Amino acid sequence: MRVPIEHLREDVRLLGSLLGQVLQEQGGPELLEQVERIRRQAITRRLDPSPDHERALQELVWGLKPAEADRVVRAFALYFHLINLAEEHHRLRTLRDRECRGHPAPRPESIADAVARLRREGTSPAHLADLLGRLELQPVFTAHPTEVRRASVLLHLREVADLLATLNSPEATPETKHRATEGLLAEITALWQTEELRARRPTPLDEVEGGVYYLERSAWTVAPVLFRDLQEAVERYVPEARGAVRPFLRFGSWMGGDRDGNPQVTVEVTERTLALHRERVLRLYLDEVVALGRELSVSTRRQPVAEELLRSLHRDLEELPELASDPELPPATEPYRRKLRAVEERLRRTLEERSGGYACPEEFVEDLELVRRSLVAHRGERIARGRLQDLLVRAATFGFHFASLDLRQESGVHARAVAHLLQRAGIVDDYLALPEPERVALLVRLLEADPVPVEAEDPEAAEVVQLFRALPGWQARFGPQACSTYIVSLTESASDVLEVLWLAAQAGLYRWGQGAATSRLHVVPLFERIHELRRCGQILDQLLSLPPYRAHVRAWGDLQEVMLGYSDSNKDGGYLAANWALYQAQRALPGVARRHGCAVRLFHGRGGAIGRGGGPTERAILAQPSEALDGRLKLTEQGEVLAARYSNPRIARRHLEQLVGALLRVSLSRGPEHHADAYPRWEAVMEELADRSHRAYRALVDDPDFPMYFAQATPIAEISRMNTASRPASRTARGRVEDLRAIPWVFSWTQTRTNLPGWYGLGSALDGFVRETPGALSELRAMYAGWPFFRSLVDNAQISLGTADLEVARLYAELVEDESVRERIYGRIRQEYEVTVRRVLEVTGQRELLETSPILQRSVRLRNPYVDPMSYLQVRLLRQRRLQPDDPVVAELVFRTVNGIAAGLQTTG
C-alpha cells in the first residue's frame with residue numbers, strides 16, 4: 001500500500017501557503033492577488049481552452065509591466081522549486097514507509113531484490129561470485145550546461161528540504177514543528193531575496209567545486225551503505241558467494257578535465273582540480289580516522305591483539321618520533337587507538353606532502369586491514385563490520401584521488417597537433433592530406449620508433465603537447481587512478497585513436513617493443529554520430545588488429561573502454577534512428593572485443609532529457625543487450641541531474657541501488673528465450689523503422705528554412721547567452737545548427753514545450769510501416785510486449801509526447817516572421833506529433849498517453865496551468881527582445897522565464 005497521496009497534497013498546500021505569506025510580506029497584497037489572478041485564469045484556460053479564455057490569459061500576462069513581470073515569474077518559479085522538493089520528500093517518505101512496515105520481501109528495484117531474483121531464477125553461486133569479482137559501477141559527474149540554478153539557490157533549497165523532513169518527522173513535537181515552520185518562512189524569504197541569475201559564467205574551477213560538493217554530500221555517504229546492501233543481500237540469499245563481495249563503486253569526473261570546445265580548461269586548471277580532489281578526500285579520511293579512534297576503545301586488559309599489529313605500531317613509533325613523544329598518545333593498553341593515531345599522523349603528512357606520509361592509498365588500506373584482521377581474529381568481527389568497514393570501503397572507492405578525472409578533447413585538435421609536429425620534424429609535409437590507410441600505416445611505424453624531439457610553435461598544438469607532458473608528473477604526484485583516461489570525442493576512424501596514443505608516447509606514457517607495451521593512458525574513442533555508431537565495430541576491429549594497439553590494450557588488462565554518445569547521435573539522426581544505432585553498437589563492440597581476446601567496457605554518455613538518452617535509468621539498463629554490460633557500467637551524470645540525484649544522500653542511494661540492481665540482473669540474464677525465434681524478425685523491423693525515422697527527421701532539419709525557424713521559434717539565442725556553464729553552447733562561432741551542441745538544442749525545444757528530440761520521426765516510421773506492411777500493427781504490439789528495448793523506446797517517447805504541448809509550441813511558432821515558413825515547418829512538426837501519438841497509443845493499447853504512469857500523468861496535468869503563464873510571458877518577451885535586442889531589462893526577464901519554465905518542467909536539456 002502506498003503512502004496516501006494526501007500527505008503530498010498537505011505538503012504542497014503548506015508550502016504554497018507559506019509562499020503566499022512571504023509574497024504578501026515582500027511585495028504587498030497586490031502581488032499575491034496578481035499571482036492568484038493569473039493562476040486562476042491559467043487553470044480556467046486548461047479546463048476550457050476556448051479562444052476567450054486563451055485571450056484572457058494573454059491579456060493578463062502580456063499586460064504586465066517589466067517590474068510586475070519580474071515578480072510574477074519569480075513567484076511561479078519559486079513555487080515550482082518548493083513543489084519539486086515536496087515531491088522528492090514524498091518519494092523518500094514512501095520508501096521509508098515500506099521499510100518501516102517490515103516487508104519480508106526486499107524493496108523493489110533494490111540490490112537485495114536483484115540478488116533474490118537471481119537466486120530464484122537459478123543463478124548458481126559460482127556464476128554470481130564470478131560476476132561480483134568484476135562488478136563495477138562508475139558514475140561520472142560532468143558540468144554540462146543544464147543546471148540553471150545558482151549554487152546559492154540550491155543550498156537554500158536543501159535547507160528547505162531538511163526543514164520539511166523535520167516538520168514531518170513522527171518524533172516532531174509541537175515546538176519542533178513551530179520552529180521548522182518558522183525556518184521554512186525564513187528560507188523562502190531568503191530565496192525570494194536571492195538573485196537566481198548568475199552574474200557571470202561559472203569558471204571551470206567553480207564547476208569543480210560543485211562536483212566536489214556532491215561527492216562529499218552523497219557519494220561519500222552512500223558508498224559504504226551500498227556495499228553493505230550487497231554484502232547482506234549475498235549473505236542472505238547466496239551465502240556461498242559471500243567471499244566474492246568487494247567494493248564495486250567508483251566515481252569519475254569531467255569537471256576540470258573536459259577541454260572539448262572549452263578553451264578555459266587549461267593545464268593549470270586540470271592540475272588545480274587534481275590537487276583539490278586529493279585535498280578534500282584526505283580531509284574526509286582524517287575526520288573518519290579520528291572518529292574511528294574514539295570508537296575503538298578495545299583494551300588489551302580485556303582482549304589481546306594481533307602480533308602483526310603490534311609490530312606495525314612499533315615501526316610507526318620509530319618512523320614518527322614526534323608521535324612517540326606526544327603526551328596525548330593513547331596508552332599502550334589501547335593499541336587500536338595508538339595505531340589509528342599513527343594513521344592520522346601519516347594522513348596529515350600525506351596532505352601536507354611531507355615525509356612520513358603514505359606513498360599510495362594501498363599503504364593506507366593495509367594499515368586499516370591490520371586493524372580489521374586483528375579485530376576479526378580476537379572476537380571483534382562485529383566491531384570490524386562497523387565504521388572500520390565503512391572506512392575501508394571508502395578507501396577502495398575514492399583512493400587518494402576522490403574521483404578519477406577523465407580528460408577529453410575533440411579528434412580534430414589532435415589531428416592538427418600531430419600534423420604540426422610531424423611537419424616540424426620533417427617526417428611528412430601534410431599529414432592531414434593523407435588518406436586514412438596511409439595515416440594509420442604512418443602512425444604504426446611512428447609508435448615503433450623513438451619519440452620525436454620537436455617543440456610545437458602553433459598555440460593549439462603547444463597546448464596539446466603541454467597537457468601530455470604534464471600527465472606523467474600528475475600521475476606520480478596524485479596517483480595513476482587520478483588521471484589515466486583520455487576520451488577522443490568525434491572519433492571517426494582508427495587514426496583518431498592512434499594519434500592520441502602517439503602523443504602519449506611522446507610524453508613517455510606509452511612504449512612498445514618486442515611485441516609488448518607499457519601504457520599509462522587509457523585511450524577511449526567516443527562514437528557520437530549515426531555514421532560512426534554504425535561503423536564503430538569495424539573501427540575497433542581495425543584498432544585491435546594493429547600490433548601496437550593490441551599491445552596497448554593488453555597492458556590495460558585486456559580491457560578496452562568505448563564511449564557512446566546519446567545526445568549528438570540523437571541530434572544527428574533523430575530519436576529512433578539514434579537509439580537503434582546505439583543498441584547495435586552495444587551488441588557489436590563486445591563481440592569484436594571477444595574475437596580479439598579482450599573485453600570492452602561501454603561508457604554511456606547519457607543526459608537528463610529523453611532526447612539525450614534520459615528517462616528511467618533502470619528501464620534503460622534492462623533494455624540493453626546483456627553482453628553490453630557484463631558487470632561493468634560507466635555513465636555520465638550531467639548538469640541538473642546531479643542536483644536531482646545527489647543533493648540528498650537518500651535519493652542518491654535509491655538511484656544507485658536501482659543501477660546496481662539492474663546491472664546485476666542484466667549481466668546474469670538468461671535472455672528472453674521464449675521470444676528467441678522472433679528476435680531476428682524484430683531486428684529487421686527495427687532496421688526498417690530506423691531508416692524511415694531517419695529520413696523523416698533529416699527531411700525536417702535539412703529543410704533550407706529550418707535553421708531560420710529554429711532560431712526564431714525557440715529561445716536558443718538567449719539560452720546561448722545564459723551563464724549556465726563555462727563551456728560555450730556551440731563548437732564554433734558560425735551559428736549553424738550542425739555546430740550547435742546537443743544540450744542547448746534539447747534545452748530550446750524543451751522550453752517551447754515541443755520536446756522534438758524525444759519523439760520526432762517515430763510517428764512517420766510507425767505510420768509508414770503499418771500502412772505498407774500487412775500484419776504490421778500486430779507485430780509491433782508483440783515487440784512492445786516481448787522486447788524490453790522496444791518497450792523502453794516507446795515508453796520513453798511517451799514521456800516526451802505526454803509532457804509536450806503543441807498548442808503552447810504554436811505560440812512560439814508565431815515568432816517566425818515568414819508566414820509561409822512558419823506554417824510549413826510548424827505544420828510538419830504538428831502533423832508528426834499527432835501521427836506519433838496516434839500510432840504509439842495503437843501499439844501500446846492505451847487510450848491516452850502515460851496511462852501506465854499515473855503519477856507522472858497527474859503531475860503533468862497539475863503543473864501545466866502554472867507553467868503556462870511563464871511560457872506566454874516568454875513568447876511576448878522574445879518578440880520584444882527581437883525588436884529591442886539591446887534592452888538589458890528584457891534580456892534579464894527572458895532569462896528568468898527560462899529558469900522558471902525549467903523549474904516547472906523539472907528539466908532543461
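In the predicted model, Arg408 has Ile487 of strand β4 as its bridge partner. This pairing belongs to the contact between strand β3 (residues 404-410) and β4, which run parallel and are joined by five bridges. Strand β4 also pairs in the parallel sense with strand β7 (residues 522-527), here over four bridges. Strands of a sheet pair through backbone hydrogen bonds, in either a parallel or an antiparallel arrangement.

Five of the five residues of β4 (residues 485-489) are buried, so the strand is largely enclosed by the rest of the structure. Cover is found on both faces: Thr485, Ile487 and Ser489 are buried on one side, and Tyr486 and Val488 are buried on the other.

Strands β3, β4 and β7 form part of a closed barrel of eight strands with parallel pairing, in the order β1-β2-β3-β4-β7-β8-β9-β10. Strand β1 (residues 136-142) and strand β10 (residues 632-638) run parallel and are joined by seven bridges. Among the residues involved, Thr142 has Gln638 in β10 as its bridge partner. Helix α20 (residues 530-544) touches β7 and β8 (559-565), and its direction makes about 150° with that of β7. Helix α23 touches β8 and β9 (599-605), with an angle of about 160° between its direction and that of β9.

Helix α23 (575-595) is also one of the elements against which the buried residues of helix α31 pack, the others being α27 (679-701), α32 (776-786), α33 (788-803) and α35 (819-844). Helix α31 (residues 762-772) is mostly covered, with eight of its 11 residues buried. These buried positions are Leu762, Gly763, Ala765, Leu766, Asp767, Gly768, Phe769 and Val770.

Across the whole structure, 35 aromatic pairs are found. One of them, formed by Trp580 and Phe789, is tilted, with 5.7 Å centre to centre and 45° between the planes. Trp580 lies in helix α23 and Phe789 in helix α33, so this pair ties together parts that are 209 residues apart in sequence. Both Trp580 and Phe789 are buried. A further tilted pair is formed by Phe710 and Trp745, at 5.0 Å centre to centre and 45° between the planes. This pair links distant parts of the chain, since Phe710 is in helix α28 (residues 706-713) and Trp745 in helix α30 (residues 742-751), 35 residues apart. Phe710 and Trp745 are both buried. Elsewhere, ring pairs link Phe141, Trp220, Phe251, Tyr285, Tyr358, Phe364, Phe398, Phe400, Phe402 and Tyr646 into a cluster.

A charge over an aromatic ring is also found at Arg74, whose charged end sits over the ring of Trp192, 4.1 Å from its centre. Arg74 is located in helix α4 (residues 66-100). With a relative accessible area of 15%, Arg74 falls under the 20% limit and is therefore buried. Apart from neighbours within four places in sequence, the contacts of Arg74 are Trp192, Gln193, Glu196 and Arg896.

Methods:
Residues are numbered from 1 along each chain as its sequence is written. This is a predicted model: local features need pLDDT of at least 70, side-chain atom pairs count only at pLDDT 80 or more; totals for chains, interfaces and linings use all residues. Side-chain values use heavy atoms; hydrogens and water are left out. Buried means under 20% relative accessible area, exposed over 50%, partly exposed in between (1.4 Å probe, protein chains only). Helices (H or I, at least four residues) and strands (E, at least two) are DSSP runs, numbered from the N terminus. Two strands pair if DSSP finds at least two bridges between them. Contact means heavy atoms within 4.5 Å. Rings of Phe, Tyr and Trp (its six-membered ring) pair if their centres lie within 6.5 Å; planes under 30 degrees apart count as stacked, over 60 as edge-to-face and the rest as tilted. A charge sits over a ring if NZ of Lys or CZ of Arg is within 6 Å of the ring centre and within 35 degrees of the ring normal. Axes are lines fitted to C-alpha atoms, for helices over the stretch in contact, and angles run from 0 to 180 degrees between N-to-C directions.
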